Each structure stands twice: as structure tokens, then as C-alpha cells.
Amino acid sequence: MSLLEIKNLTVEFQTASGPFRAVDGVSLKVDEGEVLAIVGESGSGKSVSMLAAMGLLPWTAKVTADVLTFNGRDMQAMSDSDRRKIIGKDIAMIFQEPIASLNPCFTVGFQIEEVLRIHTDLGRKARRDRAIELFQSVGIPNPEERLGHFPHQMSGGQCQRVMIATALACNPKLLIADEPTTALDVTIQKQILDLLMKLQDEHGMGLIIITHDMGVVAETADRVIVQYKGRQIEQADVLSLFSEPKSVYTKALLAALPENATGGRLPTITEKLTDAEIFAGAVR
Ligand SMILES: Nc1ncnc2c1ncn2[C@@H]1O[C@H](COP(=O)(O)OP(=O)(O)OP(=O)(O)O)[C@@H](O)[C@H]1O
């Protein structure tokens, strides 16, 4: 049984100019201990598909799926309160903007201890000890002191470490990391990716990494889904995708990597391919 299984997920937003289909027939499976990357350009519906699966989209979104299960439980049939017990505990998410994702009005210590208060029956002292232990595990120096800091007193990289510690607070079975390094300096990006991979390995979690960066895919994923304008274009294990991409779009994405540049100029993808060609070349 897969940890997360999604079949034929569709998301349509009601907008002023009519319905807009942001996700169209996405299917995926993630197992325990597996790293799945969802890669695609901005607007390809990567974040919306995961937010839809978690039931975290606003009411303007109409979400349908043939199958949407977590650990064998039907997420669509679940009550909101049952879903809330799972989200943040068994499924955790981290986002692109760590500083914006934290509440500026509370110390980081309060925020991580609050997650523990909601999802565990640990007492006050045990929650503090666990928070210190979590900060240590994500490499935050002087954790006792840092717990008393507000987000604005910390760097972007440190805030992302706080987000990761908070996400791991309840030992989730699945972690969804939405562009976890995009907002960070290049030198910090590698540290955060290495940390995520180390923790994923230690905890044996399923991990979904949402990214637009093929470099991140190469460094992290076991399997990859390529998405374009809400549709799945190709799904493969990481080695096959890089060595034998099947769809024209994946080939174009790989050709656009800096290391494949020829003549000092990078080819852009959409200048070479039309939507019709991309969708016709999809391999599902
Ligand atoms: N609440 C909303 N109402 C209407 N459209 C939305 C809403 N949220 C997202 N969208 C649209 O859905 C599409 C997919 O957005 P999504 O954020 O999933 O893209 P993405 O692939 O994650 O790219 P990015 O990395 O830029 O976030 C976009 O065109 C976006 O404008």
C-alpha cells in the first residue's frame, strides 16, 4: 500500500473570467522512504496539486479525484476534523518563503511548541525538551537561546531550519517540501537540501519535493513527475528521466540546463515547442 495515492486529480478555480483548470488529471503514488520530485515551470500546478490533496485550497477551488488516499484512508471521505489530525502530524509541509511562513508575532520556540501541544500529549517541560532536540537535529546552534527569538531575528536559512524542525516535530510519515530552497542564497540552498535528505533517510519518511530546478531533482529524487500547465507530461525514475527522456518537453527542459548550453545561449522551451506539441508528446 502506498503512503499517498492520487488518481486523476483535477482542480478548477472559479475566477472573474470563468473557470480555470489549474490541475488536469494528475496521478501519483509515494511510498514510505521514497523521494518523489514534481518538476515544472512556474504555473504548472505543482503547489496547487499538493494543496488540493491536503484539502488546503480556498472554497473557490473545485477539487475532484478518482482516488485520494493517505495510508489507505480516503481523504475525500474524511471529516475536516479528521483531516486536521493528519495534516501537520502525519503529513507535514514546508514552503518556499520560510520567513513569511512563520508567524512574526510569536517566538520560534512558541511556534514549534504549539505544534507539539496540538498534536501530542507532551507536557510543557517535555515540549520544550523536544523543541531543543529538534533544533539540534536541524543544526540550529544554541537552541535554548534560539527558541526565544522572533523570525525577523533569524536569517532565511535559519528560518527554513526552524520550518523543517517544526515539520518534523511529530515524526510525519510524509513531508511535502514546496520549493524549499528557492528563496535562499545559493550557498545555503545546498546545506538545506543536504539536511532534508539526511533527515528523510534517518526518519524513513516519504518526501515529495516540488521544484522548478532539474539540479534539485538530480540531487534528491528517486522518481520524477514532469508537469506542464496542470498536466502530467512524464513520470519516470530519476536515472531514466535524465538518461532517456521520452517526452519532447522533458527533452527540451534538459536541453535548457546551463551545462547543456551551446554557443553561449540557452534555448528557451516554449520558444521551440507549442502547447499542442508538448501535450501530444506526453508519456504517462
Ligand atoms: N486561488 C487561486 N485562484 C485562481 N487561480 C489560482 C489560485 N491559486 C493558484 N492559481 C493558479 O493555478 C496555477 C497553478 O499554480 P501553482 O502555484 O500550483 O503553480 P506552480 O507550478 O506551483 O508554480 P509556482 O512555482 O510559480 O508556484 C497558476 O496559474 C496560478 O495562477
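Biologist: How do the residues lining the second largest pocket divide by class?
Modeller: That lining has 7 nonpolar, 2 polar and 2 charged residues. Here Ala, Val, Leu, Ile, Met, Phe, Trp, Tyr, Cys and Pro are nonpolar, Asp, Glu, Lys and Arg charged, and the others, Gly among them, polar. This is a predicted model: local features need pLDDT of at least 70, side-chain atom pairs 80 or more, while totals for chains, interfaces and linings use all residues. Residues are numbered from 1 along each chain as its sequence is written, and side-chain values use heavy atoms, without hydrogens or water.

Biologist: What volume does that second pocket have?
Modeller: About 230 Å³, as the space filled by probe spheres on grid points joined across faces, edges and corners. Its lining is made up of 11 residues, with His212, Asp213, Met214, Leu253 and Leu257 closest to the centre. A pocket is an open set of points on a 1 Å grid where a 1.4 Å probe fits, with protein on both sides within 12 Å along at least five of seven lines; lining residues have an atom within 4 Å of a point.

Biologist: And how much space lies in the largest one?
Modeller: About 400 Å³. Its lining has 16 residues, and Ile87, Gly88, Met93, Val115 and Thr166 lie nearest the centre. By class, 11 are nonpolar, 4 polar and 1 charged.

Biologist: Which helix gives the most to that lining?
Modeller: H4, with 5 residues. Strand E7 (91–94), H4 (108–119) and helix H7 (156–168) each supply at least two; these are DSSP runs, helices H or I of at least four residues and strands E of at least two, numbered from the N terminus.

Biologist: Switching topic, which residues of H4 and H5 meet?
Modeller: Val108, Ile112, Glu113, Leu116 and Arg117 of H4 touch Arg127, Arg128, Arg130, Ala131, Leu134 and Phe135 of H5 (heavy atoms within 4.5 Å). That contact has 6 nonpolar, no polar and 5 charged residues.

Biologist: Last one: how many salt bridges does the structure hold?
Modeller: There are 16, each a side-chain nitrogen of Lys or Arg within 4 Å of a carboxyl oxygen of Asp or Glu. One of them joins Arg83 and Asp80 at 3.2 Å, N to O. Both sit in helix H2 (residues 80–86), 3 residues apart, about one turn of the helix.
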